[in-house]
Amino acid sequence: MVYGASKPEVHTKLLALLQEKEKGAPPPGERLTVESYLQGWLARKEHQVQGKTYRTYRGLLIGHVIPVIGKQELSKLKPEHIEKVHSTARSKNLTDTSIHHLHTVLKCALTAAVREGRVGRNVAEQVKPPRSAPSREPALTREQARRLVRAANHDPLGCLYILALTTGMRQGELLALKWREIDLRRKVLSVVGSLERVPSEGLRIKEPKSAHSRRQIQLTRQAIEALSRHHAAQEAARAKAQEWWRDQDLVFTGAQGQPLDGPGMLRRSFYPFLERTGLPRIQFRDLRSSAATLISLEGVNPKEVADLLGHSDTSITLERYTRISSASHGGATRAMEAILADDEQA
């Protein structure tokens, strides 16, 4: 119940109470628990980050933090409570990398609590998480990359695979790509969105992963040729579908112009393509790591590799793709064209 000397005063107090509730605050007279605060923090994050990132945050906090220290009063949180989260997660066979990620998410939530005045210090900063194992993502060899391009030239979705390999774009970025974002004359494309499945809404194009993910990419000759072939094939499919074609200007679509569902594309097209081609059963994201590694081995500056991938700085690139060297010569586009040059006569 909210009381006041006048209706405006009651309205003001009620509004403030609702705003506090959205921030994760408990009703007056109740203590703010870790669970209450984290639930409120997650509710805000749902509208601030990509769906996949939100689901990861939610899974880590609800699965491994709230069951352990959720009843603890937020203002009385101590470093030993964070250590208890770590030890409990380790007893459930979580890897050091997973625990490190769990710690990072919890520390981020507690940083917000400090900023909002909920707590005076971030106790997660006083606890050292286990070291995260370096990510050594698999990559195609130069010869495997050439074999992929040769086979992709004759596959209905081959343009998708060639673009993934030559641009380092993420799967969602490729599936959200529209023709108006490609300038074949200038040989560039713009990354401005990412396709993802949103619960209760279906497939939807959202903002890219970060501000740095919005970028322009110079296209290789192989990519331009693949796009030209793909455009012609799509026009034929549009003519065949006639009034059933769902025109959304998407580059990669289903038989009637609808967006491609990522898991279905992998299951029905990508994995069978790898098997037919005699390539290892890699993940789609490994085409991105292959792009980074191959052009790095050609001596491309890490800063240029980071820009290609949409990373905010080179430290992320160097940590994730450990075979990247510090050498500095040759542009990314020219390097990739040279890598695939043996396909000229294929």
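In the predicted model described here, D249 is located in the loop that connects α9 and α10. Helices (H or I, at least four residues) and strands (E, at least two) are taken as DSSP runs and numbered from the N terminus. Although D249 is not a glycine, its phi is positive, at about 65°. Q242 is likewise placed in the loop between α9 and α10 (262–277). Its phi is near 55°, a positive value in a residue other than glycine. With a relative accessible area of 56%, Q242 is exposed, where exposed denotes over 50% relative accessible area, buried under 20% and partly exposed the range in between (1.4 Å probe, protein chains only).

Residues are numbered from 1 along each chain as its sequence is written. Because the model is predicted, local features need pLDDT of at least 70 and side-chain atom pairs count only at pLDDT 80 or more, whereas totals for chains, interfaces and linings use all residues; side-chain values use heavy atoms, with hydrogens and water left out.

The chain as a whole contains 14 helices and 5 strands. Of its 346 residues, 46% are buried. The accessible surface of the chain amounts to about 18500 Å², and carbon and sulfur atoms account for 51% of this area; the areas come from the Shrake-Rupley method with a 1.4 Å probe, and for residues only the protein chains shown count as cover. Contact is defined as heavy atoms within 4.5 Å. Among the contacts in the chain that link residues at least 6 apart in sequence, 63% join residues at least 24 apart.

The structure contains 0 disulfides, a disulfide being a pair of cysteine sulfur atoms within 2.5 Å. The cysteine C108 has a relative accessibility of 33% and therefore counts as partly exposed. C159 is buried, with a relative accessible area of 5%.

Two helix pairs were examined for their packing. Two packed helices are described by the angle between their axes and the distance between the axes. Axes are lines fitted to C-alpha atoms, for helices over the stretch in contact, and angles run from 0 to 180 degrees between N-to-C directions. In the pair formed by helix α4 (residues 79–91) and helix α5 (residues 96–115), the axes come within 10 Å and cross at roughly 150°. Helix α4 is therefore roughly antiparallel to α5; angles under 35 degrees count as roughly parallel, over 145 as roughly antiparallel, 65 to 115 as roughly perpendicular and the rest as oblique. The crossing of α4 and α5 is right-handed, a term used if the near helix is turned clockwise from the far one by less than a right angle, with anticlockwise giving a left-handed crossing. On the α4 side, I82, V85, H86, A89 and R90 meet D96, I99, L102, H103, L106 and L110 of α5.

In the second pair, helix α7 (residues 158–167) packs against helix α11 (residues 285–297) at an angle of about 40°, and the axes are 6 Å apart. The two helices are therefore oblique to each other. Y161, A164 and L165 of α7 form the contact with L287, R288, S290, A291 and L294 of α11.

Several buried residues illustrate how positions separated along the chain are brought together in the model. V149 belongs to helix α6 and is buried, given its relative accessibility of 3%. The C-alpha atoms of V149 and Y161 are 7.9 Å apart, while the two residues are 12 apart in sequence. Q222 is part of helix α9 (residues 221–241) and counts as buried at 5% relative accessibility. When residues up to four places away in sequence are not counted, Q222 touches I162, E337, L340 and A341.

I339 is found in helix α14 (residues 332–339), and its relative accessibility of 0% means that I339 counts as buried. Between I339 and E143, which are 196 residues apart along the chain, the C-alpha separation is 8.8 Å. Apart from neighbours within four places in sequence, I339 is in contact with R142, R146, L294, I295 and E298.

R118 occupies the loop between α5 and α6 (142–152). With a relative accessible area of 18%, R118 is buried. The C-alpha atoms of R118 and L74 are separated by 7.8 Å, and the two residues are 44 apart along the chain.
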